[in-house]
Amino acid sequence: MKLFLILAVINGFLSVALGAFGAHGLEGKVSEKGLDQWGKAVDYQMFHTMALFVTALLMSKIQTGAMTGAGWFFLIGILLFSGSLYIYATSGIKVFAMITPLGGLSFLIGWILLGYAVIKYI
């Protein structure tokens, strides 16, 4: 539980910092498409930071592998989805765009595991 809370706090901080950097530091340096991709990366990082935070809080009530798995899949999703979009937005290297769906799949698995744990144990 504590690990996921710490990871959520770190990701929350990074979401705000990277959002501000995108809005102020990248303007005029990357294309409009790049800025849109950067914004999408920030949005999904923050959404799933909150999912990670909720998962960590629920772990005090539900101690099961599904909850732990949900937390790890949310974190992996943040790294793969948002991370690949950050790199793609600034570099334009298309191979990074091909990694993004793996992050989306990780998010989906995290939500399924979280839903399973909530339905089964609450």
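## How α2 sits against α3

The crossing of α2 and α3 is left-handed, meaning the near helix is turned anticlockwise from the far one by less than a right angle. Their axes, which are lines fitted to C-alpha atoms over the stretch in contact, come within 9 Å and cross at roughly 165°. That makes α2 roughly antiparallel to α3, a label for angles over 145 degrees. By class, this contact has 16 nonpolar, nine polar and two charged residues.

This is a predicted model, where local features need pLDDT of at least 70 and side-chain atom pairs count only at pLDDT 80 or more. Residues are numbered from 1 along each chain, and side-chain values use heavy atoms, without hydrogens or water.

## α2 and α5

Helix α2 (residues 32-58) also packs on α5 (residues 100-121), at about 30° and with the axes 12 Å apart. The pair is therefore roughly parallel (under 35 degrees), and the crossing is left-handed.

From α2, Y44, H48, A51, T55 and L58 meet F107, W111, L114 and V118 of α5, contact being heavy atoms within 4.5 Å. Seven of the residues in this contact are nonpolar, two are polar and none is charged.

## The cores

A nonpolar core here joins buried residues (under 20% relative accessible area, 1.4 Å probe) through side-chain atoms within 4.5 Å. The largest has 16 residues, and F4, L7, L52, M67, F74, L114 and A117 touch the most other members. Helix α3 gives the largest share of this core, five residues.

Leaving out residues up to four places away in sequence, F4 touches L52, A56, M59, T68, G71 and W72. A second, separate core of 11 residues includes L26, A41, V42 and Y86.

Terms used:
Axes fitted to C-alpha atoms, helices over the stretch in contact; angles between N-to-C directions. Helix = DSSP H or I, 4+ residues; strand = E, 2+ residues; numbered from the N terminus. Parallel < 35°, antiparallel > 145°, perpendicular 65-115°, else oblique. Nonpolar A, V, L, I, M, F, W, Y, C, P; charged D, E, K, R; others polar. Buried < 20%, exposed > 50% of the residue type's maximum accessible area, 1.4 Å probe, protein only.
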